[in-house]
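I am opening a notebook on a structure I have not looked at before, and I will write down what I look up as I go.

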Amino acid sequence: MKSHHHRLLFMFLVIFAQKIELLTAETFTGTYGINYGRIADNIPSPDEVATLLRAAKIKNVRIYDADHSVLKAFSGTGLQLVVGLPNGFVKEMSANASHAMTWVKENVQSFLPKTSICGIAVGNEILGGGDYELWEALLGAVKNIYNALDKLGLADVVQITTSHSQAVFANSYPPSSCIFKENVAQFMKPLLEFFSQIGSPFCLNAYPFLAYMSDPENIDINYALFQKTKGIYDMKTDLHYDNMLDAQIDATYAALEDAGFKKMEVIVTETGWASLGDANEAAATVNNARTFNYNLRKRLAKKKGTPLRPKMVVKAYIFAIFNENLKPGPTSERNFGLFKPDGSISYDIGFHGLSSAESSLLSLKAVKSQGLSKSYILILTISVAALVLFLKQ
């Protein structure tokens with residue numbers, strides 16, 4: 001009878017270990033994520049940001065570098081973090097595999113598993129941009145970073161991606177007509193081939209705000225804001241679109257299919273709406289930003305696909321946590337935050353500010369100090385309770 005107990009206990013522990021492994025390997029939990037930009041001198045500390053995000057139940061986070069203060073602050077929180085290799089490092093990583101290995105060891109491996117780093121974004125909006133040397137270096141950097149992960153046994157835990165702006169497309173209206181620009185395609189196709197081999201998605205920065213701003217006379221703002229509208233009809237596919245973001249995503253799927261990558265998933269790595277702008281940015285208002293972000297949350301919560309890919313659930317990282325006062329460019333660039341620099345909400349879409357987040361998470365500080373996520377604690381508690389009951393029988 002004792003050996004039978006031991007066998008059952010062993011099986012239980014194996015299942016428990018598998019559950020833990022599943023938790024550590026997830027790259028995108030649910031459908032909603034957020035970008036944590038930090039080009040500002042007045043925003044809360046990384047520890048406070050971790051508290052804010054956990055209270056808001058936003059688990060998927062992207063940063064644009066691998067700042068160690070952020071990686072340390074997110075340790076033990078259970079937040080799923082994508083770190084960035086900035087564009088300024090891409091040429092170096094492409095030219096030197098040993099530098100790529102050093103970067104991965106220092107900025108990823110040394111923080112695992114306590115900090116849940118689930119992805120590395122190699123550069124941002126490189127293809128379609130103005131630096132052609134970066135275009136040529138991107139694939140080499142991606143391969144060297146991936147090979148470093150592979151040699152360290154982390155390739156199945158940490159996903160490699162790079163995000164693209166809509167500047168890579170020759171056209172995107174109607175969605176079915178979208179293809180990659182000819183000069184981009186010669187760099188894009190080898191990149192997609194590699195991503196297809198390693199199971200990485202196509203990452204798209206899609207802004208209905210910018211599309212509307214570029215042609216306000218011909219685009220219905222309600223279509224950009226997920227409001228009731230007649231939408232658009234794509235004759236080639238016989239599909240109707242009632243919001244612009246779905247159309248932008250399906251345009252991307254059309255371009256991927258044209259390039260020979262019909263099965264690749266599209267993930268939106270940036271989307272948002274500015275709450276303040278210059279005189280020529282009339283659409284950048286608090287009301288429009290609230291409307292867009294509230295409706296976007298509702299859209300993502302439905303966990304449904306697009307008209308062209310109904311089974312591919314839409315996942316998106318919102319831009320951004322905070323208004324960033326040091327960003328260059330038009331006023332709108334500094335006003336995409338869901339939260340103000342002091343941690344209070346910019347407008348109400350169902351989240352709470354930092355002060356309420358801190359009070360609601362005081363009881364979880366002990367959990368973080370142990371370096372364990374809530375998910376681990378929950379599973380461990382349930383497992384121990386089940387084991388005690390089992391052994392009493």
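In what sense do strand S1 and strand S12 pair, and over how many bridges? I looked this up in what is a predicted model, and I found that S1 (residues 32-35) pairs with S12 (residues 316-319) in the parallel sense, over four bridges. For Tyr32, I noted Ala316 in S12 as the bridge partner.

Next I followed the sheet as a whole, and I read it as a closed barrel of eight strands in the order S1-S2-S3-S4-S5-S8-S11-S12, with parallel pairing. On average, I see neighbouring strands of this sheet turned by 25 degrees against each other, with direction ignored. I also noted helix H11 (residues 286-301), which lies across S1, S11 (266-271) and S12, and which runs at about 170 degrees to S12.

I then picked out Thr161, which I found in strand S5 (residues 159-164).

Last, I turned to helix H4 (residues 87-95) and helix H5 (residues 97-107), whose axes come within 5 Å and cross at roughly 120 degrees. I therefore describe H4 and H5 as oblique to each other. Where they meet, I found Glu92, Met93 and Ala95 on the H4 side, and Ala97, His99, Ala100 and Trp103 on the H5 side. Sorted by class, I count five nonpolar residues, one polar and one charged in this contact of H4 with H5.

Methods:
Residues are numbered from 1 along each chain as its sequence is written. This is a predicted model: local features need pLDDT of at least 70, side-chain atom pairs count only at pLDDT 80 or more; totals for chains, interfaces and linings use all residues. Side-chain values use heavy atoms; hydrogens and water are left out. Axes are lines fitted to C-alpha atoms, for helices over the stretch in contact, and angles run from 0 to 180 degrees between N-to-C directions. Helices (H or I, at least four residues) and strands (E, at least two) are DSSP runs, numbered from the N terminus. Angles under 35 degrees count as roughly parallel, over 145 as roughly antiparallel, 65 to 115 as roughly perpendicular and the rest as oblique. Contact means heavy atoms within 4.5 Å. Ala, Val, Leu, Ile, Met, Phe, Trp, Tyr, Cys and Pro count as nonpolar, Asp, Glu, Lys and Arg as charged, and the others, Gly among them, as polar. Two strands pair if DSSP finds at least two bridges between them.
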